[in-house]
Amino acid sequence: MGLEKLDREKLLWFKDQLDQTKVAYTKQEACEIVERYLQRFDSELEQIDLVNGIKGRQGRTHGARENHIQQTIEREKALYEANGFEIPDIMNAKHLKFFRDWSGDLKKLPNIKMRKISRKGADRMQGEEKSVMGDEDKEIEELDEDEDDEEEEGGGDKELMADCTD
């Protein structure tokens, strides 16, 4: 499966999780959605374990699928624990509205603003020459305002990093 289709499936999963009444999500709410995403294979793995646990069966049925799922889970959890797991920017009202309105069209995929969420990371901007300075306790809303200002100036190609531990 191509990278664009994988990205599309991931984004469609996140879109299905959205509460239509929310204008924007908090960091904690976004982290909860990421953690649900990381558990999306749990029931499939349980089914594979049940099938493999039946007495009299030889070998491991669905072994390749189980290995693929385990590798995917390990890779995604490692990203979430360290560098950040990329999700649609649902913490910014304008970006959330655009994402909600997205029809799933692959051609519009590059227009969806993304944000990295990390369990251990710090709130910071990535992919830009200057760093965001200030208190460590700076709220994400302040970062969103900076992002909106820079987008109006044509500098909207950066990513935001949000820490789930705050």
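How many salt bridges does the count come to? In this predicted model, local features need pLDDT of at least 70 and side-chain atom pairs count only at pLDDT 80 or more, while totals for chains, interfaces and linings use all residues. Residues are numbered from 1 along each chain as its sequence is written, and side-chain values use heavy atoms, with hydrogens and water left out. With a salt bridge taken as a side-chain nitrogen of Lys or Arg within 4 Å of a carboxyl oxygen of Asp or Glu, the count comes to 7.

Glu35, Glu81 and Arg119 are linked in a network of salt bridges. In the pair of Arg119 and Glu35, the closest N and O atoms are 3.2 Å apart. This pair links distant parts of the chain, 84 residues apart: Arg119 is in the loop between β2 (114-118) and β3 (124-126), and Glu35 is in helix α2 (residues 27-38). Helices (H or I, at least four residues) and strands (E, at least two) are DSSP runs, numbered from the N terminus. Arg119 also forms a salt bridge with Glu81, with 2.3 Å between the closest N and O atoms. Because Glu81 lies in helix α4 and Arg119 in the loop between β2 and β3, the pair ties together parts that are 38 residues apart in sequence.

A further salt bridge joins Glu44 and Arg65, whose closest N and O atoms are 2.7 Å apart. Glu44 belongs to helix α3 (residues 42-53) and Arg65 to helix α4 (residues 63-81), 21 residues apart.

Partly exposed denotes a relative accessible area between buried (under 20%) and exposed (over 50%), with a 1.4 Å probe and protein chains only. Arg119 is partly exposed at 30%, as is Glu35 at 31%. Glu81 is partly exposed at 25%.
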